[in-house]
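Q: Could we go through this structure together, taking one feature at a time, and could you give the general idea before each case?

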Amino acid sequence: MKLHEYQSKKIFEQFGVPIPKGRVANIASEAKQIAEELGGRVVIKSQVLVGGRGKAGGIKLAKDPNEAMKFASDILGMEIKGLPVRKILVDEAVNFEQEIYLAIINNRSNNCPMIVASASGGVDIEEVAQLSPEKIIKYNIDPLLGLQDFQARDVALSIDLPRVYWKNFIKILHGLYHAFWETDSTLAEINPLVITKDERMMALDAKMIIDDNALFRHPDLIEFRDLDIEAPAEVEARKYGLSFIKLDGEIGCMVNGAGLAMATMDIIQQNGGSPANFLDIGGGAGAEKVSAALRIILSDPKVKVILINIFGGITRCDEVAKGLLSSIKQTKIKIPIVVRLVGTNEELGRRLLCDSEILTADSLVSAAKTSVLLATGGEL
Amino acid sequence: MSILVDKASRVLIQGITGNEGQFHSWQMFQYGTNVVAGVTPGKGGDWIFDGKVPVFDSVKVAKDATGANVSVIFVPARYAADAMLEAADAEIPLIVCITEGVPVRDMIQVRKFLDQKKVYLVGPNCPGLLTPGQAKVGIIPGNITKPGNVGVVSRSGTLTYEVLYAMLANDIGSSTCVGIGGDPVHGLNFIDTLELFEADPETDQVVMIGEIGGNEEQLAADYIARYMTKPVVAFIAGESAPPGKRMGHAGAIIESGEGTAEEKIHALRVSGVQIAHHPEEIASMLIR
């Protein structure tokens, strides 16, 4: 779960990472009021969960409260990369001398948290990583020991941080590490961490991603979820325990198992079609889940064909077929459905489906070919 | 022969009395797996499966009483780390965690602890292991493969079943099937498993099923080029997956442009691995 900048900053503050004075607002007049409280010069920052907000015009420096109100009203009406701006963060404007990049992520190869730091902060770090990888330092942390002072000093040294800032930097890095660890984050990032003209350090921007699987122990963070960034169908799918991702194509997919769902999408693409979604209904393919999955797929008007690919293992194919039939009957469907059932009792399952208007296929490739043909208006 | 589990494996099941646990334990039992004990804290002293399998309160007690040397875990995600740590502390040499949805932070700690214990972990978020005709340790359906000479290793569940079933349809069986799981932080990896297959006299060829996310397939490609003498056929899922989206499995995500199917396929091809376009094709690429 991605957190907004203002949410991440709230967490950072709790863990002792200094942030600029500021507040979140959702109407322009509020921005003016906040600007007055903060002494006039403020930065208005759109709160949307995509990168490149600045380039898109979603971050602006206002010299006085009136300008703050104007910019706030502009930004609040914007859409950035398809996402509506519903909230803005109004932060005091800070004059700074240097920008540092500092983040903690999980290192998949070494199974531990890792510090990523660079003296070249304030820009797209992925670009830095590509153009001059030597400017990025990476440092693994022992998950049972946690971050040690000497390691924080090593990081400060390797980004050539002047000694006067070390003490402050070490405190900030500890704060960031704790914020990362205690909230079950998979990313906690400050870009930039600035050194101000009056020699303070603070996090001008903040980004966190929380491990969805760990939300059960963070009830306070669940409220942070922004449903705006998810397609309504994805929100609906979560209710039924379905794993669903909306894509742009025309062939709706319903598959049991994530790997098989990906493979099904791949084969559609290999045969000249494009999948409308990724959907894993999980094991068993119970009637309630199948019905919900069909409704969710059909909510996308671009879908012209539905391809159902089920491997019946412990749940036998005839049982799956019965479930599919009742769900398909319940959900009024006007577009063609291609079903590929394979596994235990597949003949029996297929025969059950033959009684209806459902098309069956005996291989994944032929199911994909049939679906692509129907999606492009061809006839069988 | 086989790898990791066989007829002699003495299997203990953590979470044997839960819904999922009971169902799959019964399937394992019926398959002929040597299920020697169950563990459910608070239910020690009970007997399950017509009084044939004793239930214990702790792994340590169960191990001492039955000599269990494999533990398979079916407990809910929030208790899974505790279950893995308990099994490792009792020094069960092979721990198989089926549970999906274990927090990454838990897995990071579990891995660190297990590395000191020198025990094997398979999973989590995996279908487990199956040595056809000998032992089913997990949820891989028993009737979709038969004994044979193909070692199968995979990050996925049903995708593996597809491949096994297509192999069976072509009269090809497997030595052992290993589901290593779809989580970013997990136990046994591709290289560990390939090493075991390379050393197993009953395995003559290997099927490897990977997917987007991480770099395990690339590392495996390097290992194959250097050390494998047995032929490997691979399928990588997720060519059509968009970047930045988690495709069902927690570990199946293209991050910062890394972990794409293309780069994995390329690395494997360069190492002499045959690449299948779709899972059904694998069967036709194996040596009869």
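A: Let us begin with a pair of helices: α3(B) and α4(B) are roughly parallel to each other, a label given to angles under 35 degrees, whereas those over 145 count as roughly antiparallel, 65 to 115 as roughly perpendicular and the rest as oblique. Helices here are DSSP runs of H or I of at least four residues, strands are E runs of at least two, and both are numbered from the N terminus. The model is predicted, with local features needing pLDDT of at least 70 and side-chain atom pairs counting only at pLDDT 80 or more, while totals for chains, interfaces and linings use all residues. Residues are numbered from 1 along each chain as its sequence is written, and chains are lettered from A and ligands numbered from 1 in the order in which they are written.

Q: At what angle do α3 and α4 of chain B pack, and how far apart are their axes?
A: Two packed helices are described by the angle between their axes and the distance between the axes. Here α3 (residues 77-89) and α4 (residues 104-117) of chain B pack at about 5°, with axes 10 Å apart; the axes are lines fitted to C-alpha atoms over the stretch in contact, and angles run from 0 to 180 degrees between N-to-C directions. Residues making the contact (C-beta atoms, placed from the backbone, within 7 Å) include Met84(B) and Leu85(B) of α3(B) and Val110(B) and Phe113(B) of α4(B).

Q: Which residues have the most contacts inside the largest nonpolar core?
A: In soluble globular proteins, nonpolar side chains tend to be buried together. A nonpolar core is a set of buried Ala, Val, Leu, Ile, Met, Phe, Trp, Tyr and Cys residues joined through C-beta atoms within 7 Å, and buried means that 20 or more other C-beta atoms lie within 10 Å of a residue's own (exposed: 12 or fewer; partly exposed: in between). The largest core has 153 residues, and those with the most contacts inside it are Leu279(A), Leu12(B), Ile73(B), Met84(B), Ile95(B) and Val96(B). The element giving the most to this core is α9(A), with eight residues. Another core, of 39 residues, lies apart from it and includes Ile172(A) and Leu176(A).

Q: How many residues does each chain bring to the contact between the chains?
A: Chain A brings 42 residues and chain B 46 residues. On the side of chain A that touches chain B, α9(A) supplies the largest share, 11 residues.

Q: How many helices and strands does chain A have?
A: Chain A has 13 helices and 19 strands, and 48% of its 380 residues count as buried.

Terms used: Contact = placed C-beta atoms within 7 Å.
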